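Here's a quick walk through how the pieces of this structure pack together. Have the viewer open as you read.

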Amino acid sequence: MYYIPTAGTSTITYSDNMSLTYPSKGIIYNDDNNKYIKKIINCTTAASSYKSYCASCATTSSWDDDSSCCSRYFMKSKDYVILKDGWGGYNTWPAAPVMPPVPLSDRFHQIIQSRQAPLFIPSRTPIKAVAEEREMRARQTLRRILGDDGFQRFLRNGFVSVRANSGKVYQIYPGHGMTVVYDRGTPIEKLCVVLRGDFTPTDSLITRYVMILHDEADFRALANVWTAPAKRVPNFRQLDTRPLTQIFQSLKAAA
Amino acid sequence: MTNFVDVPVFDGCVLTIQVPIPEPLRVLDGAVPPPKHGVLHIMNPKDGDKRVVWDSDSLAEIRAAKEMFDRLVKEGLEPYRVGVGGKASVKKMEEFDPMAEQVIFMPRKLAGGG
């Protein structure tokens, strides 16, 4: 249950008639352990005097009505939790871990590192390890067919790409996955060909690989043909494209 | 003990027949066949990819492999010579070639639109 006091509320009375006074703008809710939690958004004074520890100096201090420690305490984070435990006591601690400020040099280092990482985030499903003997055997066969490099690509991407005699590229997925046909990089259709019976996913892939390379027209005649899938929009990371010197200047000014 | 491979007869693999593996030939256990050995891959739902190897230096094994090849073709399987090591070449075999590195017998009759 959430209670959201309006701005300017100073006294909050709990269900057991105990009350605490806060300046304003807090969020109170009753958690699963029947504890009253107040999340203070902004606090400069507190009416109740109780023990707390100071996040900035890591010492226990008394938090008084007009304590200067109080204002220092909330100076940076402004987001702390006050918990009333089951015995009527009150404790306070940061709602989120207080992280030490990241040095400017480290932040700049992170920015440079992020620029070196690839912008494109692929959404492919790598092939998982299996223990089934039939599937392992099929993968050994596929490895022999594709070679080590091709097989590594298959494990990483989750499909096998093969260029047929027509020049079209077929993206073959294991199991009952549809085969996507690409013409000059554009997906043109999806073909669904399955093996009846309990074949392993990789055996099914090998069969389609062989059929496509042998006679792709025959493969297409056998398949259920679906319309071309929409070309997937690449998932690009957002990157600050400003020059590094400019970023450094802005970071330095903000520090 | 005689080894067999199960070969599907009709769609859906409900019915299979057993084709014996001739005596000099053996089923491959490891991942990679020994050097100068060819492999017959017979796919079926029960065993998955069953691999029978022959030594291309042994006349007896070549004869046995040819015998098995012909029997599997007679049962309706289609043999394809598949390039290894990423060559991406597939050729349908009309007759047995003892120098073939890898022959895949496809259950063509089991493939269909899904």
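## The sheet in chain B

Two strands count as paired here if DSSP finds at least two bridges between them. Keep in mind that this is a predicted model. With that pairing rule, 6 strands of chain B make up an open sheet of mixed pairing, in the order β3-β5-β4-β8-β6-β7.

Which strands stand at the edges? They're β3 (26-27) and β7 (90-92) of chain B, each with a single partner strand, so one side of each has no neighbour in the sheet. Elsewhere in the sheet, β4 (residues 37-44) and β8 (residues 102-106) of chain B run parallel, joined by 4 bridges. To find that pairing in the viewer, look for B:I42, which stands opposite B:F105 in β8(B).

There's a helix on this sheet too: α1 (residues 59-74) of chain B packs on it and touches β4, β5 (48-55), β6 (78-82) and β8 of chain B. The direction of α1 of chain B makes about 145 degrees with that of β5(B).

## A helix pair in chain A

Over in chain A, have a look at helix α2 (residues 104-116) and helix α6 (residues 244-254), whose axes come within 11 Å and cross at roughly 150 degrees. Angles over 145 degrees count as roughly antiparallel, and that's why α2(A) is roughly antiparallel to α6(A). The crossing of α2(A) and α6(A) is right-handed.

Who makes the contact? From α2(A) it's A:L104, A:R107, A:F108 and A:I111, while α6(A) brings A:I247, A:F248, A:L251 and A:K252. Sorted by class, the residues in this contact of α2(A) with α6(A) are 6 nonpolar and 2 charged, with no polar ones.

## Where the chains meet

Now for the contact between the two chains: 32 residues of chain A and 28 residues of chain B take part. On the side of chain A that touches chain B, the elements giving two or more residues are α3 (133-157), β13 (186-195) and α4 (201-214) of chain A. Which of them gives the largest share? That's α3(A), with 11 residues. By class, this side of chain A has 15 nonpolar, 10 polar and 7 charged residues.

The chains are also linked strand to strand. β13(A) and strand β9 (residues 111-113) of chain B run antiparallel, with 3 bridges joining them. One pair to pick out is A:V193, whose bridge partner in β9(B) is B:G113.

Conventions
Residues are numbered from 1 along each chain as its sequence is written. Chains are lettered from A and ligands numbered from 1 in the order in which they are written. This is a predicted model: local features need pLDDT of at least 70, side-chain atom pairs count only at pLDDT 80 or more; totals for chains, interfaces and linings use all residues. Axes are lines fitted to C-alpha atoms, for helices over the stretch in contact, and angles run from 0 to 180 degrees between N-to-C directions. Angles under 35 degrees count as roughly parallel, over 145 as roughly antiparallel, 65 to 115 as roughly perpendicular and the rest as oblique. A crossing is left-handed if the near helix is turned anticlockwise from the far one by less than a right angle, and right-handed if clockwise. Two residues are in contact if their C-beta atoms, placed from the backbone, lie within 7 Å. Ala, Val, Leu, Ile, Met, Phe, Trp, Tyr, Cys and Pro count as nonpolar, Asp, Glu, Lys and Arg as charged, and the others, Gly among them, as polar.
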